[in-house]
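Hi,

Here is the model I promised to pass on.

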Amino acid sequence: MFLRFLRDRLSWILFIILALSAIDLLLWLDPGVDVEASSVIYMNALLLISLVCFIVWRYFKETAYLKELASLSESSGMDWVEGLPDASFRQDEIVNDLLIEKGMLFSTQLQEIRKSSMIQGDYTAAWVHEAKAPLTAMKLIIDSNRNLPAVKRIEAEWLRIYLLIDQQLYISRLPTLESDYSLEEVELKELVSAEIRELMSWCLEKNLAVDMDGLDKKVITDKKWSRFALRQVLSNAVKYSPDGGTIAISTRTEETGQTVLMVEDEGAGIAPHDLPRIFDKGFTGSTGRIQNAATGLGLYLAKLVADKIGIQLHAESELAKGTTMELAFSIENEFDHIRK
């Protein structure tokens with residue numbers, strides 16, 4: 001910062017040095033002025049030392065405000081206006097006034113955006129709840145007419161609509177996930193079985209087999225949100241599995257003590273250049289574009305929720321050999337970090 005300070009005031013420093021040089025030249029050329037050379041050298045040294053001391057003093061004086069302002073910018077608190085440093089100079093007062101004015105404007109705009117977002121979120125949540133009512137009635141009609149040949153096909157399509165609406169409901173709840181977060185001990189078999197039952201009609205339509213192994217392990221997690229993340233993973237596995245294929249669901253325990261739930265399908269796999277981007281919002285990848293069935297939201301939401309509740313979501317895939325999604329649940333000593 002000191003070098004920058006010198007560069008900003010270089011014109012003043014050069015002016016003083018040139019003025020001093022001009023005086024020295026005048027004393028040397030003017031025969032009417034009789035000054036000893038030692039006196040001139042003494043005067044120059046004294047003035048230059050004074051100049052250096054003055055520059056150092058002004059550096060600390062003029063940069064005190066900037067240093068306090070820089071330390072304020074590194075803090076994450078929202079009371080930055082109260083923390084603005086006292087202004088020593090007129091330009092500092094102008095900066096303070098400008099920051100306060102822009103801060104108030106930003107705060108007003110932020111409140112308007114939040115208000116608009118809350119209204120939109122409330123509207124979406126209300127719409128989803130209203131849409132679920134006829135879906136429930138349709139489900140009752142489907143259950144009472146299972147002997148009809150077309151019912152299985154209708155139920156599969158009903159399930160797709162139900163999953164989309166349910167996904168939208170969870171999206172509207174995402175901003176309040178932290179306040180809706182509750183840890184409990186859950187058996188993985190309970191989580192997986194509940195989601196498989198939800199997707200059963202879709203699995204039957206594609207004649208998919210689900211092989212579950214080693215799901216008797218228990219993890220501590222948020223049951224509702226972990227089911228949502230798992231639902232997105234399983235939905236993808238069902239969507240991209242070939243007819244008559246198998247989805248294998250198993251577990252393993254890492255050396256760290258983490259329990260990892262693995263969901264493996266026999267689909268077309270993910271291209272190596274697509275794999276790092278599958279959790280990006282709106283990314284569908286080569287397979288999704290070919291099938292024209294991807295929205296680019298499922299895995300993005302799964303990753304978003306997993307990160308918030310302490311589940312590490314990872315994917316491994318190879319073209320023409322399927323995809324394996326891994327959900328690594330947090331161990332007990334990581335829970336305090338998750339809650340922050």
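Let's start with a loop: Ala320 sits between β6 (311-317) and β7 (323-329). Helices here are DSSP runs of H or I with at least four residues, strands are runs of E with at least two, and both are numbered from the N terminus. Ala320 has a positive phi of about 65° although it is not a glycine. Ala320 is also exposed, at 69% relative accessible area. For the burial words, buried means under 20% relative accessible area, exposed means over 50%, and partly exposed is in between (1.4 Å probe, protein chains only).

Before going on, a word on what you are looking at: this is a predicted model, where local features need pLDDT of at least 70 and side-chain atom pairs count only at pLDDT 80 or more, while totals for chains, interfaces and linings use all residues. Residues are numbered from 1 along each chain as its sequence is written, and side-chain values use heavy atoms, with hydrogens and water left out.

Asn207 is another non-glycine residue with a positive phi, about 55°. You'll find Asn207 in the loop between α7 (200-205) and β2 (209-212), and with a relative accessible area of 58% it is exposed.

Now the aromatics. A search of the whole structure turns up eight aromatic pairs. Rings of Phe, Tyr and Trp (its six-membered ring) pair if their centres lie within 6.5 Å; planes under 30 degrees apart count as stacked, over 60 as edge-to-face and the rest as tilted. One of the pairs is Phe54 with Trp57, whose ring centres are 6.0 Å apart with planes at 50°, so this pair is tilted. Both residues lie in helix α3 (residues 37-74), three residues apart, about one turn of the helix. Phe54 is partly exposed at 45%, and Trp57 is partly exposed at 48%.

Trp158 and Tyr162 have ring centres 5.3 Å apart and planes at 15°, so they are stacked. They both belong to helix α5 (residues 151-173), four residues apart, about one turn of the helix. Trp158 is buried at 9% relative accessibility, and Tyr162 is buried at 17%.

There is also one aromatic cluster made up of Phe2, Phe5, Tyr59 and Phe60.

Last, charges over rings, which count if NZ of Lys or CZ of Arg is within 6 Å of the ring centre and within 35 degrees of the ring normal. Arg173 lies over the face of Tyr170, 5.8 Å from the ring centre. The charged end of Lys303 sits over the ring of Phe279, 5.5 Å from its centre.

Cheers
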